[in-house]
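Please consider the following protein chain with its sequence and its three-dimensional model side by side.

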Amino acid sequence: MIKLTLPSRTEPQKKISNSKARFKVVCFGRQSGKTTNGIWRMARTLEGPENAIYWHVLQTYSAAEIAFKRFVSLFPYEARSLVFEKAPNQSELCVYLSGNRQIHFKSGDNFQNLRAETLHGVIIDECREQDKRVWTQVIRPMLARYKGWAEFYSTPNGYDWFFDLYEFAQRDPEWAAFQAPSTEAPWWSPEEIDSARRSMSEAEFAQEILAEFRDLAQGKAYLNFGPHNKRD
């Protein structure tokens, strides 16, 4: 038996994994375990079909590199010969699991260059930092052959394409939507929550921590303008 060094999971994370939906839209607050949940999901591909190809797409190459290293670190050294078909490729950010399963960590920066593979599954992480066309023009057609799955992770950023996707996921039978604040994660103590609330505007706190969709640009010359910064 292979034992992974997975972190403990929150109740919202468990709800995602228990869902049978093909497409899942995950709207979580900042530092709530979004990428961690994606890495955990990719670890479960060991249970999937052999010769499958999966992508974890992040907003930049450096973010993809971090996710790649975190994924590899899940597996203790003594188990890697049982899990990995061959050594992980650092330069290509690719992990080769047993059964010729491949997980590629990609950057969505130059998304038009991603038109290549036929995929069994994909995670698009930090959607608010990525172009909608990563999904609609590039990745969605790549899932057709194998009826592949997709999961989308982000904190809200106003009423952008991620908001539209979240709304759509609540209406379509193939989709499911999930929402949870940062405060579901155990490292957000009451003291830390209160500290963050004091240092952010109400709208910023609602968006970044509570995972609510807000228009932060509406109604003010700049977001934190108020009586405290007026000059006599």
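Against which elements do the buried residues of α1 pack? They pack against β1, α2, β7 and β8. Helices (H or I, at least four residues) and strands (E, at least two) are DSSP runs here, numbered from the N terminus, and buried means under 20% relative accessible area, exposed over 50%, and partly exposed in between, with a 1.4 Å probe and protein chains only. Contact means heavy atoms within 4.5 Å. The model is a predicted one, in which local features need pLDDT of at least 70 and side-chain atom pairs count only at pLDDT 80 or more, while totals for chains, interfaces and linings use all residues. Residues are numbered from 1 along each chain as its sequence is written, and side-chain values use heavy atoms, with hydrogens and water left out.

Helix α1 covers residues 11-18, and its buried residues are Pro 12, Gln 13, Ile 16 and Ser 17. Seen down the axis of α1, these residues fall within an arc of 140°, so they line one face of the helix; the arc is that of the directions from the helix axis to the C-beta atoms. An α-helix has 3.6 residues a turn, so residues three or four places apart point the same way. Lys 15 and Asn 18 are exposed on the other side of α1.

One of the elements that α1 packs against is β1, a strand of six residues, six of which are buried. Phe 23, Val 25 and Cys 27 point one way from β1, whereas Lys 24, Val 26 and Phe 28 point the other way. Two strands pair if DSSP finds at least two bridges between them. Strand β1 (residues 23-28) pairs with β7 (residues 149-154) in the parallel sense over five bridges, and β1 also runs parallel to β8, to which six bridges join it. Cys 27 has a bridge partner in each of these neighbours: Ser 154 in β7 and Gln 179 in β8. Lys 24, for its part, stands opposite Glu 151 in β7.

These strands belong to an open sheet of eight, with mixed pairing and the order β3-β4-β5-β2-β6-β7-β1-β8. At its edges are β3 (84-89) and β8 (175-180), each of which pairs on one side only. From one strand to the next, the twist averages 10°.

Helix α2 (residues 34-43) lies across β1, β2 (53-58), β5 (101-107), β6 (121-125) and β7, and runs at about 160° to β7. Axes are lines fitted to C-alpha atoms, for helices over the stretch in contact, and angles run from 0 to 180 degrees between N-to-C directions. This helix is mostly covered, with nine of its 10 residues buried; among them are Ile 39, Trp 40 and Met 42.

The protein chain as a whole contains eight helices and eight strands. Buried residues make up 50% of its 232 residues. Among contacts between residues at least 6 apart in sequence, 70% join residues at least 24 apart. The C-alpha atoms fill a box of roughly 70 × 40 × 35 Å, taken along the principal axes.
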